[in-house]
Number of protein chains: 2
Amino acid sequence: MTEDRADLPPGLALSWGVLPVQRRGPKPALSIEQIVATGIEFGDRYGFEAVSLQRIAAQLGVTTNAMYRYVRSKEELIVLVHDKAVGLPPELPSGWRAAAIAWVDAQVKLYEDRPWLLDVPIRGAPVTPNLLRWVEVMLAALAETGLSQHDNLGCLMLLDGCARNYAGLARQLGASDRTPVQSEQVGQFLVPRLMEGGYPTLVSLYLNQEYEDDLDDDLEFGLARILDGIDVLIAKSP
Amino acid sequence: MTEDRADLPPGLALSWGVLPVQRRGPKPALSIEQIVATGIEFGDRYGFEAVSLQRIAAQLGVTTNAMYRYVRSKEELIVLVHDKAVGLPPELPSGWRAAAIAWVDAQVKLYEDRPWLLDVPIRGAPVTPNLLRWVEVMLAALAETGLSQHDNLGCLMLLDGCARNYAGLARQLGASDRTPVQSEQVGQFLVPRLMEGGYPTLVSLYLNQEYEDDLDDDLEFGLARILDGIDVLIAKSP
DNA sequence: CGAAACTGTTCAACCCATACGCTGTTTCAC
DNA sequence: GTGAAACAGCGTATGGGTTGAACAGTTTCG
């Protein structure tokens with residue numbers, strides 16, 4: 001019995017290069033690679049919402065429905081575009097601490113280059129080649145901690161959350177920098193209501209303007225906390 | 001000159017109860033509260049994608065376009081529904097460490113009750129009353145650490161990321177539990193390719209089935225790391 | 001050579017957000 | 001009072017998007 005890949009999660013087979021063999025009929029005018037590359041192009045240029053079957057089809061000079069000869073659904077397309085756009089992780093330096101910093105930095109850099117990746121809805125655990133490669137390299141670097149694989153996975157998720165967190169923050173702050181007027185207006189609207197509504201800590205935060213900070217510092221701060229926390233665990237474990 | 005709330009971020013004014021005064025004309029058949037409550041109902045019942053202007057309008061016996069008398073856009077609706085569905089934070093116990101645990105637990109519980117809140121796209125820093133209330137209570141609890149407000153904000157973001165992380169993980173794992181057959185198939189598809197493709201760590205992870213774990217443990221693990229990390233910082237600071 | 005298989009296309013049905021203009025109602029100002 | 005301004009809700013329409021069914025053309029195997 002041949003492998004039934006019909007009910008595998010969307011994009012799994014295609015992302016690993018397993019595509020239905022074709023024996024008869026006209027040769028396809030397009031290729032998956034071409035379609036995915038076009039999707040990434042649209043994402044880079046116009047954001048995540050712009051990566052649609054319609055647009056890609058139009059760009060490639062084909063009707064929308066022709067796309068369904070290549071992908072089963074939009075979701076499948078997104079999975080493929082996501083994996084391809086994430087690409088391969090960098091080589092990590094030796095030493096789990098340096099490796100973790102490099103890994104997180106690389107992720108932040110990636111999200112800086114392609115902010116729209118933060119908008120990709122995450123349906124489940126990663127199963128595509130490039131995403132799993134990122135997991136693999138970090139997990140390998142964490143092996144030297146001597147912790148259990150389970151704990152290492154926990155650390156990795158902590159680091160991943162940290163990276164996504166700050167990348168998202170950096171994006172929204174970068175976007176709001178374009179309209180400092182609006183930010184000012186928000187403050188004027190908000191502060192009186194915070195004072196009346198019993199938000200003393202937030203008021204003092206606003207008035208001290210402590211929220212005006214360098215994002216790199218923020219990332220460094222969060223990452224340092226996590227790494228210190230992992231260190232404590234390593235020291236505790238026999 | 002009266003306050004110009006026209007160009008404030010969508011949902012800001014409405015969430016704080018500032019709604020356009022109406023002097024003439026028929027009384028509105030609907031109220032914002034009603035609309036938002038209906039949106040939450042749909043979210044609870046059918047997930048985030050189900051909260052649409054069309055559906056809410058139909059449910060309330062009104063045409064879609066009538067909605068635009070109350071909210072300026074779908075985004076505004078989402079912001080309002082989000083804030084209302086999040087609700088008020090719990091009372092936190094004294095002691096920043098216990099408070100942090102309670103705060104994260106409450107958030108995880110919230111996302112357990114309303115998983116669709118994880119799908120709400122985050123456009124910017126929180127500005128709505130309930131969301132800011134969550135920030136306020138945690139920031140107040142962190143005041144006793146003696147760290148700067150800036151550092152406290154960093155800690156809060158760390159905790160928030162942790163909560164969202166594990167809530168998301170819990171949801172996807174809970175969803176995949178419904179179809180263990182598919183998970184099996186994924187493994188059968190994936191493992192050979194991981195072995196051939198040079199993913200030794202992941203292969204061992206898969207084969208040891210170390211990924212089968214209690215999620216509560218995961219949360220506890222991540223949270224413990226973060227709290228330990230914060231502790232280290234407190235100990236270092238004068 | 002013929003038939004099977006596969007291609008892209010047209011036609012079509014949906015869902016969704018949003019804009020415009022109309023009608024009828026309410027209420028303030030005179 | 002009463003008239004007119006202001007406003008709610010509706011119908012219609014538009015544009016964008018995903019997905020499906022039926023069809024016609026092309027390639028290649030038997």
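## The annotated region

Over residues 29-89 of chain A, the chain is 57% helix and 0% strand, and the end C-alpha atoms lie 32 Å apart. Helices (H or I, at least four residues) and strands (E, at least two) are DSSP runs, numbered from the N terminus. An unreviewed UniProt entry places the feature "domain: HTH tetR-type" at these residues, 29-89 of chain A; UniProt positions follow the numbering used here, feature names are shortened, and annotations may be inferred rather than shown by experiment.

This is a predicted model, in which local features need pLDDT of at least 70 and side-chain atom pairs count only at pLDDT 80 or more, whereas totals for chains, interfaces and linings use all residues. Residues are numbered from 1 along each chain as its sequence is written, and chains are lettered from A and ligands numbered from 1 in the order in which they are written.

## Helix α2 of chain A

After α2(A) comes A:Gly47, whose phi is positive, near 95°.

Buried in α2(A) are A:Ile35, A:Val36, A:Gly39, A:Ile40, A:Phe42 and A:Gly43. Because they cover an arc of only 160° around the axis, they lie on the same side of α2(A); the arc is that of the directions from the helix axis to the C-beta atoms. The face turned away from this buried side carries the exposed residues A:Glu33 and A:Arg45. A residue is buried if 20 or more other C-beta atoms lie within 10 Å of its own, exposed if 12 or fewer, and partly exposed in between, with C-beta atoms placed from the backbone. The buried residues of α2(A) pack against α3 (53-59) and α4 (74-86) of chain A.

## Two domains in chain A

The domain assignment, which is automatic or from a database, divides chain A into domain 1 (12-16 + 27-85) and domain 2 (89-236). In chain A, 12 residues of domain 1 are in contact with 10 residues of domain 2, contact being C-beta atoms, placed from the backbone, within 7 Å. On the side of domain 1 of chain A that touches domain 2 of chain A, α4(A) gives the most, with 5 residues.

## Chains A and B

Between the chains, 53 residues of chain B are in contact with 53 residues of chain A. To the side of chain B that touches chain A, α7(B) gives the most, with 12 residues.
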